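Work through the exercises below with the sequence and the model open. Each task is followed by a solution in steps.

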Amino acid sequence: MTKQVPSVSVNYAANGSSTKSNELGMREMQEGAYEKRGEQYLLIKSPPASGKSRALMFIALDKLYNQGLRQAIVVVPEKSIGSSFNDEPLSKYGFWADWTVQPRWNLCNAPGGDDGKVGAVGKFLASDDKVLVCTHATFRFAVDKFGIEAFDDRLIAVDEFHHVSANPDNKLGTHLGALVARDKVHLVAMTGSYFRGDAEAVLSPEDEAKFDTFTYTYYQQLNGYKYLKTLDIGYFFYSGSYADDILKVLDPTEKTILHIPNVNSRESTKDKHREVEHIIDALGDWQGADPITGFQLVKTPEERVLRIADLVDDEPAKRDKVSNALKDPAHKNNRDHVDIIIALGMAKEGFDWIWCEHALTVGYRASLTEIVQIIGRATRDAEGKMRARFTNLIAEPDAAAEAVTEAVNDTLKAIAASLLMEQVLAPRFNFTPKTVKSGPVEGFDYGEGGYDPNKENVGFDEASGQFQIEIKGLVEPKSKEAKRICQEDLNEVITAFVQDKTTIERGLFDEELVPEELTQVRMGKIVGARFPELDAEDQEAVRQHAVAALNLTQKAKEIALSNCDDTETTGNTALIDGVRKFAMDVRELDIDLIDRINPFGEAYSILAKTMSEESLRQVQAVISAKKVQLSPDEARDLAKRAVKFKQERGRLPSITSPDPWEKKMAEGVAYLARMKQEAANG
């Protein structure tokens, strides 16, 4: 039996702005990125399908012909993505040059292993040709062989940049660090998700500070589409075998990419071929395979013949036939070419099927990055496609199973992914402190009655997809880097926060939790570790901005879901109205109030409505069993907060205070005093 978790539904204006081209043939995102073409180190953060590949073509051509660079090397994670950089007649649409790659220099299309391709990189470096495309692996080996000096005066463009890591074990990250240190190349890094599933930093803070960032948000992209208006994100629980219940979430009338579970996951039956057969059998009667495409033909009970692409089949000839049929440019705009794609390791990053309406993933994926990439398969704009959705189908934790701890972890990770995606899909937040000098900002709509000088206001600019929110007591970032983080990188901070296992466990299941332990102490610790170069005041500013963005999105979601039957708050304004309503309903919107909200409260209430009582109790028991007492580090963090409390109130926090947060800070001070006394006593 499956149970539906109420999905968050984000609605957009579909005003067409992100798909219109300017006189140079550039869409809105590409135009914004091109404005920064003069930067030596440029990081482009932009969602899947927003046009990053073409944006790079424009930038690279300018660097080659107007900035004096000798060559451009485009580095992609896998061979299939190399096709995104095939020849493009850009002059046909108004640009001053065309993008051309000599066939011999598109190493993603070349036969043979990396050995021959590394040699080809050497030949390219010695030639007068301008552009080479290769995989991350080929580039790594080429740097090993020729040294970083060989790449001087060239543009290195790294697609899907989240594959890089600041971890010394990450070879590509090490090479890029060395190239930045030598400072003789230009680097353009592009990604749809500037975070990694393993929560490692992509770049070291000192290297990241050298990059100028261009960010184009999901909200800007989807708001500017022509057709797609609504995106739903949801997760479902099932018990037993997923293949038995698949039709409760798989709608055969929707164009769907179904990712079956990894064979090593607990959701897998360990026989992937049998799982595909089971799914096909559940959909209808098999009619054979199409001889040209290799697609499976299945007649549904309604007499409709589904065309199903099976990318799970290991037999190379069969899988290559299906894969090539999916890539056939002649059918790119043919909605009826295929109905359902069943995949395991394929059809994720860089896979382009504009008609996909439903990305259905069975089993938790170990990486939030992978989930963002999978969701990106459904967020293409296509005529007649007004709604798209992502569903994560997860096995409900079974109290009797040995793997219950693993099941609990998967559940927590799915919730973390959902929280992150809600954040990624929301408009951008700009927070300002409420002061006597505060006033309305031009271009922002402050709702009915307009701007109120006696209250904290919420303004929204639909064109740019940005909130302007006044918060009393908010610390403003002072340094250039802290301001950049608050404007550009809050989602990366929130990602680290929701991926922190202890944080999400306590936020969901610790009945004695004081929310400030998460919003102030845990988030403070994450910000301090991530941005050690910032001073204490700037770290506090980043912490406050990140907590405000997360908690206001959660409060807006809570209001939007509670009003889902209310036609006044549906449509494009549901989330916007939710943020505005929350700000109006409280006496004053101040940072202390925001810190007192448990960021996981709404996620827990959804979980409690949908998971069986027995499973929920079991999850609670597993997490409670691991509960640890206060650690010295946590006590020190609490004591620092206590010092701030004393500066503001003129007294230390009281252990007998009715305010749970004040009491918690006092416990931290007492714990440190005990440790000091014990050390003195030997």
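**Exercise 1.** Which residues does Ile341 touch, not counting residues up to four places away in sequence?

The model is predicted, so local features need pLDDT of at least 70 and side-chain atom pairs count only at pLDDT 80 or more, while totals for chains, interfaces and linings use all residues. Residues are numbered from 1 along each chain as its sequence is written, and side-chain values use heavy atoms, with hydrogens and water left out.

Step 1. Apply the contact criterion, which is heavy atoms within 4.5 Å.

Step 2. List the partners of Ile341: Thr256, Ile257, Leu258, Ala309, Leu311, Leu326, Phe351 and Trp353.

Step 3. A nonpolar core is a set of buried Ala, Val, Leu, Ile, Met, Phe, Trp, Tyr and Cys residues joined through side-chain atoms within 4.5 Å. Buried means under 20% relative accessible area, exposed means over 50%, and partly exposed lies in between (1.4 Å probe, protein chains only). The largest nonpolar core has 103 residues, and Ile341 is among those with the most contacts inside it, along with Leu326, Phe431, Ile469 and Ile471. Helix H12 (residues 404-425) gives this core its largest share, 11 residues. A second, separate core has 64 residues, including Ala55, Val74, Val101 and Val143.

**Exercise 2.** Find the buried residues of helix H9 and state which elements they pack against.

Step 1. Locate the element. Helices (H or I, at least four residues) and strands (E, at least two) are DSSP runs, numbered from the N terminus. H9 covers residues 272-283.

Step 2. Check its length. The expected span is 1.5 Å times one less than the number of residues.

Step 3. List the buried residues of H9: Lys272, Glu275, Val276, Ile279, Ile280 and Leu283. They cover an arc of only 135° around the axis, which puts them on the same side of H9; the arc is that of the directions from the helix axis to the C-beta atoms. Arg274 and Asp281, on the other side of H9, are exposed.

Step 4. Name the packing partners. The buried residues of H9 pack against helix H8 (242-245) and against strands E10 (256-259), E11 (285-289), E12 (296-299), E13 (305-310) and E14 (340-343).

**Exercise 3.** Describe how helix H14 packs against helix H16.

Step 1. Two packed helices are described by the angle between their axes and the distance between the axes.

Step 2. Read off the values. H14 (residues 490-499) and H16 (residues 515-530) pack at about 115°, with their axes 10 Å apart. Axes are lines fitted to C-alpha atoms, for helices over the stretch in contact, and angles run from 0 to 180 degrees between N-to-C directions.

Step 3. Identify the contact residues. From H14, Glu492, Val493, Ala496 and Phe497 meet Leu518, Arg522, Met523, Ile526, Val527 and Arg530 of H16.

Step 4. Eight of the 10 residues of H14 are buried, so H14 is largely enclosed by the rest of the structure. The buried residues include Leu490, Ile494, Thr495 and Val498.

**Exercise 4.** Is Val475 buried or exposed, and is Val436 buried or exposed?

Step 1. Val475 lies in the loop between strand E19 (466-471) and helix H13 (480-488). With a relative accessible area of 18%, Val475 is buried. Its contacts, not counting residues up to four places away in sequence, are Glu537, Glu540, Ala541, Gln544 and His545.

Step 2. Val436 is in the loop between strand E17 (428-433) and strand E18 (458-461). At a relative accessible area of 86%, Val436 is exposed.

**Exercise 5.** Which residues does Cys108 touch, not counting residues up to four places away in sequence?

Step 1. Find Cys108 in the loop between strand E4 (71-76) and helix H3 (114-125). Cys108 is buried, with a relative accessible area of 7%.

Step 2. List its contacts: Val76, Lys79, Gly82, Val133, Cys134 and Thr135. Cys108 and Val133 are 25 residues apart in sequence and 6.8 Å apart in space, C-alpha to C-alpha.
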